[in-house]
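Good morning, and thank you for coming.

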Amino acid sequence: MPKSKRNRAVTLSKTKKKGKEHKENIVNSIRECAEKYSSAYVFSFENMRNLKFKEFRDQLKSSSRFFLGSNKVMQVALGRSDSDEIRPGLHKISKLVRGDSGLCFTNLSKEEVQRLFNEYEEHDFARTGTTATEKVELQEGPLDQFTHEMEPFLRKQGMPVRLNRGVVELVSDFVVCEEGRPLSPEAARILRLLGKKMATFWLHLICRWSPDEFEIYREGLEESDIESS
């Protein structure tokens, strides 16, 4: 029996209520951290890998707390101007929560935080749409790295292959990807099979706040730019 409009409305209102509660919880957590920790950082990321980030976060969980998600929610929590900021100067970092970014509250020294972020990089397989960092071309001939069972799958990826006495053979040269061009789904799968990692997960510090100091790390960005934005 189909649900009535009334039932659907109740379900929708429950969903909206849960969403609102979730946002309020995040806002409250951020505000508690602003009081609890000695400094706060805004960082940006490239090629986010959730599992790798979780490992990084777990490594620092005794001294730090991280937030990712809605930039708008994080900005509201910090305060968007000096009239609604929860601690003096926090609205400055709020203005830099843009694009692919997150917050880190920590009791670590700024030297230690800079070292951890600057040294962090994790290589991984590139996903569909990622820009290829180099040209990858396979030469005509046997592909000893693949078993004969792989031949149908490789053919489905557009590779000109055949079986020759049980050995997968490329019948002509094949360009998997071109440098500077987005990877197709097929190219991403082939690169994974080849063990070729083209994506690097980076974390970049943008700025730092503490009760007595505000620092900008991103080149070309001045404090005056933040005040006028």
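I shall speak about a central strand, the cysteines, a helix and the aromatic rings, in that order. Please bear in mind throughout that this is a predicted model.

Let me begin with strand β1, residues 39-46. Seven of its eight residues are buried, so the strand is largely enclosed by the rest of the structure. Strand β1 has antiparallel partners: six bridges join β1 to β3, residues 101-106, and seven bridges join β1 to β10, residues 199-210. Ala40 illustrates the arrangement well. In β3, Ala40 stands opposite Phe105, while in β10 its bridge partner is Trp209.

I turn now to the cysteines. How many disulfides does the structure hold? The number is zero. Cys33 is buried, with a relative accessible area of 5%. Cys207 also counts as buried, at 0% relative accessibility.

Next, helix α7, which spans residues 185-194. Its buried residues are Ala187, Ala188, Ile190 and Leu191. Seen down the axis of α7, these residues fall within an arc of 165°, so they line one face of the helix. The general principle is that an α-helix has 3.6 residues a turn, so residues three or four places apart point the same way. What does the buried face of α7 pack against? The buried residues are in contact with β5, residues 136-138, and β9, residues 174-177. After the helix comes Gly195, which has a positive phi, near 75°.

Finally, the aromatic rings. The whole structure contains ten aromatic pairs. One of them is Phe56 with Phe117, an edge-to-face pair with 5.5 Å between centres and 85° between the planes. Phe56 lies in helix α2 and Phe117 in helix α5, so this pair ties together parts that are 61 residues apart in sequence. Both Phe56 and Phe117 are buried.

Phe56 also pairs with Tyr120: the ring centres are 4.8 Å apart and the planes lie at 55°, so this pair is tilted. Tyr120 sits in the loop between α5 and β4, 64 residues from Phe56, and both of these residues are buried. Ring pairs link Phe56, Phe117 and Tyr120 into a cluster that also includes Phe43, Phe53, Phe66 and Phe201.

One further ring deserves mention. Lys197 lies over the face of Phe125, at 5.5 Å from the ring centre.

Thank you; I welcome your questions.

Definitions and conventions:
Residues are numbered from 1 along each chain as its sequence is written. This is a predicted model: local features need pLDDT of at least 70, side-chain atom pairs count only at pLDDT 80 or more; totals for chains, interfaces and linings use all residues. Side-chain values use heavy atoms; hydrogens and water are left out. Buried means under 20% relative accessible area, exposed over 50%, partly exposed in between (1.4 Å probe, protein chains only). Helices (H or I, at least four residues) and strands (E, at least two) are DSSP runs, numbered from the N terminus. Two strands pair if DSSP finds at least two bridges between them. A disulfide is a pair of cysteine sulfur atoms within 2.5 Å. The arc is that of the directions from the helix axis to the C-beta atoms. Contact means heavy atoms within 4.5 Å. Rings of Phe, Tyr and Trp (its six-membered ring) pair if their centres lie within 6.5 Å; planes under 30 degrees apart count as stacked, over 60 as edge-to-face and the rest as tilted. A charge sits over a ring if NZ of Lys or CZ of Arg is within 6 Å of the ring centre and within 35 degrees of the ring normal.
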